[in-house]
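These are my notebook entries on a single structure. I record what I looked up, entry by entry.

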Amino acid sequence: MTEWFRKRTGRGERNDNKADANPADGLTEAGIREALRDVRDPEIGRDIVSLNMVRQIEIRDSKVKVGVALTTAGCPLKHRITNDITDRLKMVEGVEAVDVDFGVMTDEDRQNLLTSLHGGPTELAPAFRDESKTRIIAVVSGKGGVGKSTVAVNLAAALDRAGKSVEILDADVHGASVPVMLGALGKPNVVEGVIFPIESPTGLKFISMGNFVSEGQAIIWRAPIVNKALTQLMRDVYWDEPDFIIVDMPPGTGDVALTVAQMIPKAEALVVTTPQADAARVAVKAGKMATQAHLKLAGVVENMSYAECPECGHEMRIFGGDGGERVAGELGSRILGRIPILPDATGEPGRCLFDEDSTPARAFDEIAASIAQMKVRKRIQVL
Ligand SMILES: Nc1ncnc2c1ncn2[C@@H]1O[C@H](COP(=O)(O)OP(=O)(O)OP(=O)(O)O)[C@@H](O)[C@H]1O
Ligand SMILES: [Mg+2]
């Protein structure tokens, strides 16, 4: 439950009114309501109390009757909701029988739900707005294939390990790779036009255009359509206002980068390069584009920096070059980490997140710590 959700809806406030106490068995409406917070709407994935679905609670001796308002009358999940409520309430001491009664939300209720979930039809989701505490880290590079997506998912995992809340937006509409990398190819839940991020088997939540098209299907979209799709993901997805949203960008300095810069002026760019000179040259361009668009640079990551000798641990600079140093120097930024080449990082599902105690995972832990410690510049409000 986010603070934003509570404030906007007034829902999810605790009701500790002891006047509802039933002296016969000690069961209270507040106690039952509290227990119902553990029951989630299966589609939306949020608890039914904060979604304002619990309309009345009646307690008679050891029997509890719960009135639930559904978003649509023919909701196929009635049965599951009934079971979940019954199972949970039977765990409350003193409850012997549970009766669930269904009603339907009014149009106004539904509209309120919609507004509370994504802040109105034309605005960006709260997490992307300037006033939100969520930091947006856009992972950019000039050249393709240098490891942006690998960096995006492993950085997210490292921030998660460090106790930060984090979600991923795969903005690479044509080359969406996050669903495959995280091994979650299903379609997201869409309720009343609100899209819910997918939870991958690792627990990382993300959204990607790759989840809206069939596996293997090529998308041929012109730039305006790509921008529209991306805007939709920033507007119609229920982002939870986590500490960080990591945006996996497409390669290059094109339209998508410009759209992100324009729509999310608070975004910070994390530039990925490999040691080679050609990758570094275009990574500098990507970084310059970001600063020209007034984005802050979070730093530089040099991927595929070296290979570790399995025998002696010696670092072999296979690609040579000093791409990371060069990019950081030319952009006036700094290297946050160097990631070794790992033969295991095959791009196969589940093979892209490095093992927690491996050398690259530790490098990502350091990058995550540096990013988390950065002072975020307050934007100056022009009145
Ligand atoms: N440190 C590494 N060691 C070994 N392989 C790696 C490493 N980093 C990335 N790879 C592999 O290199 C390939 C490209 O990586 P990735 O998809 O992350 O790059 P990208 O910059 O996102 O590419 P694109 O520009 O196509 O979006 C993938 O197969 C990935 O598994
Ligand atoms: Mg990629």
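Conventions. I worked on a predicted model, in which local features need pLDDT of at least 70 and side-chain atom pairs count only at pLDDT 80 or more, while totals for chains, interfaces and linings use all residues. Residues are numbered from 1 along each chain as its sequence is written, chains are lettered from A and ligands numbered from 1 in the order in which they are written, and side-chain values use heavy atoms, with hydrogens and water left out.

Aromatic pairs. I searched the whole structure and found two aromatic pairs (ring centres of Phe, Tyr or Trp, the latter by its six-membered ring, within 6.5 Å; planes under 30 degrees apart are stacked, over 60 edge-to-face, the rest tilted). Phe128 and Trp239 are edge-to-face, because their planes stand at 90°, with the centres 5.7 Å apart. Phe128 is buried at 1% relative accessible area (buried is under 20%, exposed over 50%, partly exposed in between, with a 1.4 Å probe and protein chains only). Trp239 is buried at 2%. I then noted Phe196 and Tyr238 as a tilted pair, 5.8 Å centre to centre with 40° between the planes. Both Phe196 and Tyr238 are buried.

Helix contact. I looked up α9 (residues 277-292) and α10 (residues 323-331), whose axes come within 9 Å and cross at roughly 30° (helices are DSSP runs of H or I, at least four residues, and strands runs of E, at least two, numbered from the N terminus; axes are lines fitted to C-alpha atoms, for helices over the stretch in contact, with angles from 0 to 180 degrees between N-to-C directions).
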